[in-house]
Amino acid sequence: MHRAMLRQLKKYGFSSAQLIGLFLFIGVGLFHYLLANEKCLVCFGGDKIFLTEKAICSSGIPALIPYSASTLDAKNRDVGPFSEQQVSSTYYRHWLGTDSLGRDLLAGLIHGTSIAFKISLLAMLLTVMIGIFFGYLSGYIGDEGFRVERGILLTGIVISCIALFYLVYGHGLTRLIATLVILVTIAFMGIKSDSTQHSKNSWAIPFDLLTMRLIETFKALPDVFLVLILIGMFRKANFTNIILIIALVRWPTITRYLRAEIIKLKEEDFIRSAQALGLSKFRIFKDHILPLAISPVIVATAFGFSSAILLESTLSFLGIGIPLDQVTWGTILKSARYNFSSWWLAFFPGLMIFLTVLLFNSLGDRLSDYFRGE
Amino acid sequence: MIGFLFSRNVPQDPATALVNIRGGERDGGQEKNYAAAYKELGLDKPDFYFSLVPHTYPRTLNVISSKTERKKIKQLLTSGLSYSIIEQALSSAESEYLRSTRLQALKASARKSSGFFFPKFYWHGSDNQYHHWWSSLLRGSFGKSYVNGKEATAVVGKALIWTSYIGLGSLLFSFITALLIGFWLAKHAESRRAELLNTILYILFSIPIFWLATMMVIYFTTDDYGSWTNIFPSVGIEVQPGKSTLTQVLSNTPKFILPIFCGSLATIAFIARMLRKSILNEMQLPYIVTAYSKGLSQQEVLRRHALPNALFPLLTIFVGAIPLIIGGSVVVEVIFNIPGMGRLLYNSIGVADWNVVFCILMLTGFITILSYLLGDVLYAYVNPKIRFA
């Protein structure tokens, strides 16, 4: 299994350095608990076996770094990596120094990696899902794909509007019924829709046009501005909001690439023959179009990871990202702005961001070369 | 339209802000002040040209200034109570706050009735908030800043000067440098030194601006690492009141060196690499062979024939760099403490000064669209094959 995966990755032409970097990022992201923890990982003797306080546990397996990201070491505040430290043994040394509260920088970086990993992964999953959905609407359904008879369309819109009215002003059961009515109406129009009939008394809903206008609205502002404004509107930035915001900002890129690819594929003969065989629209999209159109999406996703990590750390750096009690790369870098003499607080977290961004950019370049057939 | 929805739904009450700016009597008059501010801002008018509400609603609920009260009455109106009770509650609500005991009683009786209602249509004419919002927008007014009560456009205008100075500076600097580097890279494409520089540029492209800027500030503007590294003046712009903005900008020029450098490094790396690739592509085309066979030197072929054609695809990048630089201004301005648009946006969002935020939003969108238009026009100008229909 692992070997097959490795072979597949090698096939894309990734270098060993890239693979090691990727595995390190994922590994540290998943297992940060085991790497840096002030508690004992496994304890022999005593009631609690896993993650026991050091004081209770006499013998056991400690973590690689005996500090959590939030552990305060009052004896070693603001010490550099090369300066004298008041520690009982080399094992307890702060290898990359500490900040003004005495928190270990290396443990902070490991915690930051896990945050960056989680946020970028979840944000990109959401981005790709939204991107593919809108790509399907604008590229595959297009301006002409959703054609409904005029009477049905008008009746459907009127019914939906009335239901929407009760949804807004009603309470309890009224709302439930209104929601159901809207869903049923849309489903009914979906069933009745037919892209083949071009008669005069049918109207099409221009999904392509609508999606492209939506994308243009998003693209009229620089990403950073958009993110700042969205944060202001959400009032409070937390883990979920940041992921949502990144996905909202990034999806147009995926949709645009996917749309261009789908439009090219849609006119191919094998798609027409699939249509002639009577396969459903969704099934043609899922089985015949998406596997061929996915390559630009993969490339855009690789670049998306780096921009998601950059956005997240920029937000933490500006002090409006992940809540302040969480230690991330951005928050450490931010603390360096008020503490000029501690160079290690600025250098190492920035280096982590830089290396991760470089890693994903180079992965993206490699993938795009591969798909172009080099 | 989206702008209006946005400005109505932001999490800050404009009337509260207006009361806060004015100060006024702190105790007692609070509610009265609020009501006056509410009326002054025209928030008592209907939202749109028409409204579609349950038949139990009055013409507009916006005449009630208290937000919580409005919400409670909305609930009452759709609860199926008899109309006379609600009217009674409504008339008293306009003058004073609904007493909670009476509300409790009303709610208890509400539970018994069915709560059925049907839609009713009201036409409000042009005296509505949407209409007034648009007309003030067309007159160039975005409302007042919630922080100091100045016009939002004036606040943003002042900030725009700093941002455009830095933006134009980094645009010029990055393009000239990138052109030189890219040209050099293409000329010595086979040499090891050029290959090394190419790789370095690739790596530079991934450097986060805020890291670079922070490191620069720490090393080059302070004495902490030996006085010989303290090359540049410390961050922060000195704003001298009384002098014209232009002299202020010019007198602060040494402080712009670092921000401009940080803001343009990634752009330089990107464009130089693109130019190199573009020139190398051109060099493989037949007209280059013709040029060589005429007896021109390599330098001349590159400069006279390959470069102009290689600059074509860079036009779109040139135009795309304008919104990028505006976006990058947030971090650079915050770190280097420059009172530009990016920092203004950051601060305004921090204190929920939505009128200023909205003004910046519209301005940036306008600049972006304008720059895309400029790109299209330039493209048609240099490429005679493209004609606008």
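Contact, as I use the word in these entries, means heavy atoms within 4.5 Å.

**Entry 1. Chain B as a whole**

I began with chain B of this predicted model. Among its contacts with a separation of 6 or more, residues 24 or more positions apart account for 68%. I then looked up the secondary structure and noted 17 helices and two strands in chain B. Chain B has 389 residues, and 43% of them count as buried.

**Entry 2. Where chain B meets chain A**

Next I turned to the contact between the two chains. I noted 47 residues from chain B and 41 residues from chain A taking part. Together the chains bury about 3,900 Å², and 78% of this area lies on carbon and sulfur atoms.

How many salt bridges does the rule find across the interface of chain B and chain A? It finds zero. For polar contact, the rule finds seven residue pairs across this interface, with both residues at pLDDT 80 or more.

I then listed the elements of chain B that each supply at least two residues to the side touching chain A: α1 (2-9), β1 (50-54), α9 (192-204), α10 (209-220), α15 (314-336), α16 (341-350) and α17 (354-382). The largest share of that side, eight residues, comes from α17(B). Sorted by class, the side of chain B that touches chain A has 37 nonpolar, nine polar and one charged residues.

**Entry 3. Aromatic rings**

My next search was for ring pairs. Over all chains, the rule counts 21 aromatic pairs.

Where in the chain do Phe25(A) and Phe360(A) lie? Phe25(A) is in helix α2 (residues 16-35) of chain A and Phe360(A) in helix α12 (residues 343-371) of chain A. The two are 335 residues apart, and the pair thus links distant parts of the chain.

Buried means under 20% relative accessible area. Phe25(A) has a relative accessibility of 6%, so it counts as buried. Phe360(A), at 5%, counts as buried too.

**Entry 4. Salt bridges**

Over all chains the rule counts nine salt bridges. I followed Asp287(A) to its partners. Its side chain meets that of Arg283(A) in a salt bridge, with 3.2 Å from N to O. Both residues lie in helix α10 (residues 281-318) of chain A, four residues apart, which is about one turn of the helix. The side chain of Asp287(A) also meets that of Lys286(A) in a salt bridge, at 3.3 Å from N to O.

I looked up the accessibility of each partner. Asp287(A) is partly exposed, with a relative accessible area of 34%. Arg283(A) is partly exposed at 42%, and Lys286(A) is partly exposed at 43%. Salt bridges that share partners join Arg283(A), Lys286(A) and Asp287(A) into one network.

Another of the salt bridges joins the side chains of Arg372(A) and Asp369(A), at 3.5 Å from N to O. The relative accessibility of Arg372(A) is 54%, so this residue counts as exposed, the limit being over 50%.

**Entry 5. Asp99(A)**

I found Asp99(A) in the loop between β3 (59-62) and α3 (105-141) of chain A. Is Asp99(A) buried or exposed? With a relative accessible area of 11%, Asp99(A) is buried. Its side chain reaches the backbone nitrogen of Arg103(A) at 2.9 Å. Apart from neighbours within four places in sequence, Asp99(A) is in contact with Arg77(A), Asp78(A) and Leu345(A).

**Entry 6. Gly330(A)**

Gly330(A) is buried, with a relative accessible area of 1%. Which residues does Gly330(A) touch, not counting those up to four places away in sequence? They are Ser313(A), Ser316(A) and Phe317(A). I also noted the separation of the C-alpha atoms of Gly330(A) and Leu109(A): they are 10.0 Å apart, while the residues are 221 residues apart along the chain.

Terms used
Residues numbered from 1 in each chain as written. Chains lettered and ligands numbered in written order. Predicted model: local features only at pLDDT ≥ 70, side-chain atom pairs only at ≥ 80, totals over all residues. Heavy atoms only, no water. Buried area = accessible area lost by both parts, 1.4 Å probe. Salt bridge = Lys/Arg side-chain N within 4 Å of Asp/Glu carboxyl O. Polar contact = N/O pair within 3.5 Å; in protein donor to acceptor, adjacent residues only side chain to side chain. Nonpolar A, V, L, I, M, F, W, Y, C, P; charged D, E, K, R; others polar. Phe/Tyr/Trp six-rings, centres within 6.5 Å; stacked < 30°, edge-to-face > 60°. Buried < 20%, exposed > 50% of the residue type's maximum accessible area, 1.4 Å probe, protein only.
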